[in-house]
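User: I'm new to this one. Can you walk me through a few spots?

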Amino acid sequence: MSLWQKAMMLLTIARARGFAARAAVRAPTTRLMSAAAWEALGLNSDMSDLVSKQWPEPNAVQRAALPALLQQEDDAVVGAETGSGKTLAYLLPAAQRAVANRRKHTPYPAALVLVPNRELGTQLRRVAARLGADTQPPFTDESKLFSLEARHGGALARWPYAPGKAPDVLVATPSFAAAFDRDLDLWEGLSTLVLDEADMLLDGGFKKQLDRCLVALKRVERRREGNDDLVDDVPERCRRVVVAATLPNQGLRSVDGLVTKYFANATRCADLPMHGVVSTLEHVFESVQSDEERDAKLNDLLESTERTMVFCKTANRASTVAERLALSGVAAAPYTKDVDPERRLATLDLFASAKINVLVCTDLAARGLDLPEVKRVVQYDFATDAVSHLHRVGRAARAGAAASAVSFVDSSNTDLVAALERGDTVEHAFSRRRGLRKKLRKERV
């Protein structure tokens, strides 16, 4: 090796060491700056460091909601379009408040998040796991900053946790929580109650169960009035947080009106867009005249290997479409209520790890599934109303990522599509219980 070659080799090694040293300095510096961005919104240093490892910068809804949820005590409404990052916006403050109000000698959580279905609970558990939270009972790992578990159903005869073994944050369906509405110690220890997907909880089959939960809180608060010595280590009041991407405000049972009725003094965290999708979603409508044409267009779309969610109107139809795709060589699987829950979870794992590329779904998958890998949504069967449409196409373009949605449209969908393209039904989202076609027919009479 010549002297010149030796010199160049030594210079290369020196440069490499220099780059490595600068990178080693830059990485923790960048992390500190990211943690500082979260801490500036009111998170404590431990929580800020935890979240910044997975989400370096807070987004618009988080910047708007976190200060209000961390620095104020009023009830709050967190409303923003689907895919905007609302989960972190309410989960981080709820977890931080729960840890601050943790009572190790009780069997109860300090925060309760109500969700309409098992899928949303599973999603929240996944988010908590990404944050490094303890998600495995009996929640005794003190190295974890907070703990979280998801429960569903209401068949339990007794409370499932022993003293000191409950999670800080319990995610549950209304049927589970309402089964313990007479257990006032549970409700007395809550620092935060969150209603996620509030439009479904307030204006659907969950309303009676939700009423039982809210009445339990009121009963506790009345019991405490003028009796400060009753319990000396519980929060002064449980804050209610309402979270939604759509709050329909038309019809006799306006969901937005119900929010005002139940949470009259709630603070709207920010004037953020609702009843829409993020700007990074490219959406097109494709005219079809038959199922054969739908299949042909779907097969054309699936020639690329982008991970895709395909929505159908029924579980049977979704299974049929998934079977046809599998026979044609597409790695597809159904995701419907007819699929066993454990198998659904396994299917999601396969989808997230790219072992299957296509998830053929019903509206069961339209809410709560936060899968950043989804690059495209196809409405094989168009939604029956604007709200369902928004939540379906909102499964793509999560957290501002670029994605696309393709909706197959036939003659029965033309009125709804025309209204969506005008934007009137999106901005004034009508009741979920009344399809647009029925609404338009009444207007013509």
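User: How many bridges join strand 9 to strand 12, and do they run parallel or antiparallel?
Analyst: This is a predicted model. In it, four bridges join strand 9 (residues 308-311) to strand 12, and the two run parallel. Thr 308 stands opposite Arg 376 in strand 12.

User: What about strand 12 and strand 13?
Analyst: Four bridges join them, and they run parallel.

User: Are the faces of strand 12 covered or open?
Analyst: Both faces are covered. Arg 376 and Val 378 are buried on one side, Val 377 and Gln 379 on the other. In a regular strand, side chains alternate between the two faces of the sheet.

User: On to helix 14. How many of its residues are buried?
Analyst: Eight of its eight residues, 386-393, are buried. Among them are His 389, His 391 and Arg 392.

User: What caps its N-terminal end?
Analyst: Asp 385 does. One of its side-chain oxygens lies 2.8 Å from the backbone nitrogen of Ser 388.

User: New topic: aromatics. How many pairs?
Analyst: The structure holds eight aromatic pairs. Take Phe 176 and Phe 180: their ring centres are 5.4 Å apart and their planes sit at 55 degrees, so this pair is tilted.

User: Is Phe 176 buried or exposed?
Analyst: Phe 176 is buried, at 2% relative accessibility. Phe 180 is buried too, at 7%.

User: Which ring does the charged end of Lys 261 sit over?
Analyst: The ring of Tyr 262, 5.7 Å from its centre. Arg 344 lies over the face of Tyr 335, at 5.9 Å from the ring centre.

Key:
Residues numbered from 1 in each chain as written. Predicted model: local features only at pLDDT ≥ 70, side-chain atom pairs only at ≥ 80, totals over all residues. Heavy atoms only, no water. Buried < 20%, exposed > 50% of the residue type's maximum accessible area, 1.4 Å probe, protein only. Polar contact = N/O pair within 3.5 Å; in protein donor to acceptor, adjacent residues only side chain to side chain. Pairing = 2+ DSSP bridges. Phe/Tyr/Trp six-rings, centres within 6.5 Å; stacked < 30°, edge-to-face > 60°. Lys NZ or Arg CZ within 6 Å of the ring centre and 35° of its normal.
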